Amino acid sequence: MASSSSFELRHRRPQSTAEPSDPDDLTPQQRKSANGEPSMEIGWGIPFIVLIFARIVSARSNLIHDCDETFNYWEPLHYLLYKSGFQTWEYSSEFSLRSYLYILLHALAAAPASWWFGVEQKVRVFYFLRLILGLASTISETALIVAVSSKYGRRLAISTLLLLAFTSGCFIASTSFLPSTFSMYAITLASAALLFERPALSVSVAAIGVLLGWPFSILTAVPLVIYALSTGNFKRVFWSGAITSIGVMVLSVLTDYYYYGRWTSSVLNLLLYNVAGGGGSHLYGVEGPLFYLRNGFNNFNFALVFALLFFPIMLITKKKDSVPLTVVVSPVYLWLTFMSLQPHKEERFLYPIYPLICLAAASVIERFPDLVQRFQAVYEESILVQVAKVLRPLTLGIILAICHSRTNALLYGYSAPMDVYKHLAGLRNVPNESVLCVGSEWHRFPSSFFLHANVSEVQWINDGFRGLLPIPFNETLGGTASAPSYFNNRNKASDKQYVITFPPQVVFYLHRSMLY
């Protein structure tokens, strides 16, 4: 009989892994019910301090990784603040593909700094707005950490916090001035609201991220919206999302009307151009289906591998109350699959799911002991379980060390263009109405915020590039409402985009030979 009972005991041990025995794995509710006293959980303070420190470092040292960030966002913002800057064909009122509501939101945030520093110190306005972006990232990610801690325990929250703070992908995306970054803030905050069991708020925030940020990120919001509607008060959740969506769309249309000078919707125009109209993104380069996996591994290394293992690991370990976590993480799979099928690929397109990659990877790493107990009938104190527990911080340490190396390699290897322009902005005795001429390095131009106050114009040198380049906003044609004839949606160069003869007041000349 004794032998029989011990046999049954050995087979019941692994089944108890659904209830974590490590105090750090217990949720606050489980800890309170276990000892009758509320225990410590991660509050808002520690995550906020850790993340704001990381985001300040990013704001001060992050590069501009895509010239689209410069010409489609920093330059229109510079025009709203200082009445000078480059216009791209997407901002021609003929096409109206970019949202001025998104630019206006950032103009309002940057306006106090532009008034304080004036035109002589525009570069400080650039970094001030970067700090605002870092603050937005910090708030959304802190909310996610606190929500994870409240629902799934302190250990998972700490692992997620470390990945959010120190992975290269989050360092890059958190302070980029891009709609995909704005959508990242919104999806992160919406995920936190869902874990806090605030479905109506979750849907509203997701709607703002899609309509004010990047319309294509709607796919990342679909799982959240479906789960919120099915588990919350349907009418309240539905009307919360509907009213928010209508309100944002009305503001967007009114803002576009004010700046484009005609009734139009940049949100609908962008969708129609890329979907109904067949789009023209292939004109700007195509990549193979493995592009995002390679790029994601550069930015997250083994964390991306663990994130992709999330679903099978969840099925194997069978943790209780894992449905909300699975819903929150599911956009990683949806977005990666959808974007990998598109011919035109860019790193920034993955930004909306970067924090979710960190959460998914942390969830898998924290289940190392559960995997051992699932496949081996072992005690909690067995050597295999202890080894699995040691592997958790060790794995995190390896991931973060590689990410630190990657981030520093980017900063030290590719920061020269921004350093050069910051040096130019600080030069003395620059004549008034000076002109900066740029050749093949046009795509490294960090924005007009880096120009000296006495530089009145930037002109491109014809070096053989046959694509369409940005051209300064033309006040005589209507400024933001202009529809210049030299713009087209076929990426064909215009004679108007190049300097024909060098003006006598040229002071700066940047050029490097390149083959096209």
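Biologist: How many helices and strands does the protein chain have?
Modeller: This is a predicted model, and the values that follow are computed from it. Of the 516 residues of the protein chain, 55% count as buried. Among contacts with a separation of 6 or more, 77% link residues 24 or more positions apart. As for the elements of the chain, there are 22 helices and five strands.

Biologist: Which residues of helix α16 are buried, and on what arc do they lie?
Modeller: Helix α16 spans residues 310–317, and its buried residues are F310, I313, M314 and T317. They are on the same side of α16, because the arc that they cover around the axis is only 100°.

Biologist: Which residue just after α16 takes a positive phi?
Modeller: The phi in question is about 50°. The residue that takes it, just after α16, is K318.

Biologist: How many residues of strand β2 are buried?
Modeller: Strand β2 covers residues 434–438 and is mostly covered. S434, L436 and V438 point one way, whereas V435 and C437 point the other way, and all are buried. The number of buried residues in β2 is therefore five of five.

Biologist: Are N429 and E433 buried or exposed?
Modeller: N429 is found in the loop between α22 (416–425) and β2, and E433 has its place in the loop between α22 and β2 as well. Each has a positive phi of about 60° although it is not a glycine. The relative accessibility of N429 is 79% and the relative accessible area of E433 is 52%. As the cut-off for exposed is over 50%, N429 counts as exposed, and E433 is likewise exposed.

Biologist: What is the volume of the largest cavity?
Modeller: The structure holds two cavities of 30 Å³ or more. The largest cavity has a volume of about 120 Å³.

Biologist: Which residues are closest to the centre of the largest cavity, and which elements give two or more residues to its lining?
Modeller: The lining of the largest cavity has 14 residues, and L97, S99, P179, G213 and L270 are the closest to its centre. By class, the lining residues are 10 nonpolar, three polar and one charged. The elements that give two or more residues to this lining are α10 (199–213) and α13 (266–276).

Biologist: Which residues are buried in α13, and what covers them?
Modeller: The buried residues in α13 are S266, V267, N269, L270 and Y273. What covers them includes α10 and α12.

Biologist: Is S265 buried or exposed, and with which residues is it in contact beyond its sequence neighbours?
Modeller: S265 lies in the loop between α12 (234–260) and α13. Its relative accessible area is 8%, so S265 is buried. The C-alpha atoms of S265 and M249, 16 residues apart along the chain, are separated by 8.2 Å. Leaving aside neighbours within four places in sequence, S265 is in contact with M249, V253 and D256.

Biologist: Is E90 buried or exposed, and which residues does it contact beyond its sequence neighbours?
Modeller: E90 is found in the loop between β1 (86–87) and α5 (100–117). With a relative accessible area of 9%, E90 is buried. E90 and N72, 18 residues apart in sequence, are 8.0 Å apart in space, C-alpha to C-alpha. Leaving aside neighbours within four places in sequence, E90 is in contact with N72, F95, S96, L97, R98 and Y260.

Definitions and conventions:
Residues numbered from 1 in each chain as written. Predicted model: local features only at pLDDT ≥ 70, side-chain atom pairs only at ≥ 80, totals over all residues. Heavy atoms only, no water. Buried < 20%, exposed > 50% of the residue type's maximum accessible area, 1.4 Å probe, protein only. Helix = DSSP H or I, 4+ residues; strand = E, 2+ residues; numbered from the N terminus. Arc of directions from axis to C-beta. 1 Å grid on protein atoms, 1.4 Å probe; cavity = no way out; pocket = protein on both sides within 12 Å on 5 of 7 lines; lining within 4 Å. Points joined across faces, edges and corners; volume = space filled by probe spheres on them. Nonpolar A, V, L, I, M, F, W, Y, C, P; charged D, E, K, R; others polar. Contact = heavy atoms within 4.5 Å.
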